[in-house]
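Trainee: Please take one part of this chain and look at it closely, then go on from there to the rest.

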Amino acid sequence: MDHPAAHIDTTAVAALRDERVDWRHKAIPPSLWGRTVAEVLEAAPRLSQLPTPVLSLSRVAMTHNRDVLAAWCAERGMALAPHGKTTMAPQLWAEQLGAGAWAITVANLHQLAVARAFGVSRVIVANAIVSPLTLRWISDQLTEDTDLEILVWADSPRTVSLMHDALAAHVAEAGPRRPLGVLVERGAAGGRTGARDEETAVAVAEAIAASPHLALAGVTGYEGALAHTTDEAALEIVHAYVDSLVSLHRRISGLLPSGRTPVVSAGGSAYFEQVADALAPLVATDEARVVLRSGAYITHDDGFYRGISPLGSAPRTTGPGLRSALHGWVRISSQPEPGLALFDAGKRDLPFDEGLPEAQLRRARTTGSPATPLTGVEVTALNDQHGFLRWDPAAVEAPVVIGDELRLGLSHPCTAFDKWGLVPVLDDADADDPVVVDLVRTWF
């Protein structure tokens with residue numbers, strides 16, 4: 001089945017280079033305040049010229065990851081709709097769409113509004129939308145742009161009723177509107193949202209099909225809340241859940257509007273090989289457009305996803321492994337007692353909900369000094385603005401001194417980008433003094 005990529009307003013994305021940087025952007029040093037992004041990049045600053053703490057992205061690793069998952073999905077006949085909430089960065093969305101992504105996935109009105117501000121033409125809202133204000137805005141967007149496609153979720157007949165009533169009232173007031181596409185969300189016991197049994201899900205589909213203001217678009221779900229490990233039992237739970245999406249699709253496909261290609265969508269970044277395997281029969285028979293929604297793959301990480309991703313440190317599928325493109329750079333600011341050093345970053349700068357950062361490299365304070373591996377130390381805690389680095393003082397001499405800069409590996413990109421409004425992209429995070437080759441703007 002053909003999966004035509006969505007498009008984005010590349011002119012709007014390119015215009016981000018005209019934005020001036022200043023004190024609002026904590027990754028930018030005072031010496032560069034007042035310049036446009038383009039002027040900063042023309043100056044080709046090096047990492048050593050940026051203040052710490054700073055979050056960085058690796059250009060080489062992101063390009064690799066983008067192309068790896070695009071090819072992986074294409075080989076399996078699947079469409080890709082990356083979860084844009086991971087980065088909230090239209091520049092990175094543009095790269096993903098340029099690599100063939102079928103849509104961008106978001107989770108709420110704000111994120112959808114960012115996508116629309118940059119002209120994304122196909123968006124999945126991975127949530128039920130019951131706010132009349134939001135529904136009216138979406139309805140107007142669909143009517144103003146006939147090329148736009150927006151799909152939302154529903155897991156209850158009541159949700160459908162609320163959507164129908166809000167849109168019916170809006171049509172009565174504002175005139176005819178295009179129907180809003182809705183995916184039936186199938187859930188599972190112990191999971192997140194989603195109809196807990198097939199009969200309820202079928203009732204949801206029937207309610208959608210009965211509304212002139214809604215259009216049944218297919219089936220969706222999220223398997224990531226059902227397991228958190230890679231043992232056989234966890235993988236079986238995920239596979240069985242995705243099998244239930246196939247069953248539901250086959251029960252409700254006859255309710256879809258004539259000529260509409262059904263969508264069956266699942267997939268975070270932890271179990272996408274299980275999704276591909278369970279949904280392969282739909283691809284083989286061309287019954288539906290199978291859509292994977294992984295988002296964290298674009299940067300991968302040095303923690304949660306490194307351990308659980310099918311293309312992580314213990315691969316469960318074929319293809320090149322993903323690479324971590326996400327790093328924190330911090331400076332040792334205090335050594336108050338043996339075996340302890342504190343650095344100048346904390347919870348407001350670095351993700352910590354899926355594991356603490358790991359110390360990887362040490363760069364001495366002297367510019368141009370080579371970066372060296374840092375072992376025998378552990379990040380044990382983060383405060384708001386401080387990090388705790390510990391080692392056994394009886395076993396080794398202090399491996400760092402005040403002023404040293406460290407590279408940290410990070411876990412969970414979904415809670416990294418939200419802490420930075422402008423993220424430097426480095427040419428090579430392994431270099432002794434990497435060059436800044438881009439600045440990625442985020443909206444949270």
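Trainee: Where is the place of Ala-44?

Mentor: The place of Ala-44 is in the loop between H2 and S1. This is a predicted model, in which local features need pLDDT of at least 70 and side-chain atom pairs count only at pLDDT 80 or more, while totals for chains, interfaces and linings use all residues. Residues are numbered from 1 along each chain as its sequence is written, and side-chain values use heavy atoms, with hydrogens and water left out.

Phi of Ala-44 is near 50°, which is a positive value in a residue other than glycine. Ala-44 counts as partly exposed because its relative accessibility is 38%; buried means under 20% relative accessible area, exposed over 50%, and partly exposed in between, with a 1.4 Å probe and protein chains only. Pro-53 lies in the loop between helix H2 (37-43) and strand S1 (54-58) too. The peptide bond that leads from Thr-52 to Pro-53 is cis, with omega near 0°.

His-412 sits in the loop between strand S16 (405-409) and strand S17 (422-426). With a relative accessible area of 11%, His-412 is buried.

Next come the rings. Trp-72 and Phe-272 form an edge-to-face aromatic pair, at 4.9 Å centre to centre and 75° between the planes. Rings of Phe, Tyr and Trp (its six-membered ring) pair if their centres lie within 6.5 Å; planes under 30 degrees apart are stacked, over 60 edge-to-face, and the rest tilted. Trp-72 belongs to helix H3 and Phe-272 to helix H10 (residues 272-284), so the pair ties together parts that are 200 residues apart in sequence. Both Trp-72 and Phe-272 are buried.

Helix H3 (59-75) also matters for a pocket: H3 and strand S2 (79-80) each supply at least two residues of the lining of the second largest pocket. H3 gives the most to that lining, with four residues. On a 1 Å grid over the protein atoms alone, a cavity is a set of points where a 1.4 Å probe fits but cannot get out, and a pocket is an open set with protein on both sides within 12 Å along at least five of seven lines; lining residues have an atom within 4 Å of a point. The second largest pocket has a volume of about 170 Å³, where a volume is the space filled by probe spheres set on the points, which are joined across faces, edges and corners. Its lining has 14 residues, of which Ala-70, Cys-73, Met-78, Leu-80 and Gly-100 lie nearest the centre.

The largest pocket has a volume of about 510 Å³. It is lined by 26 residues, with Lys-85, Arg-192, Tyr-222, Tyr-305 and Cys-414 nearest its centre. Domain 1 (1-61 + 299-443) and domain 2 (77-295) both give residues to this lining, so the largest pocket lies between them; the domain bounds come from an automatic or database domain assignment.
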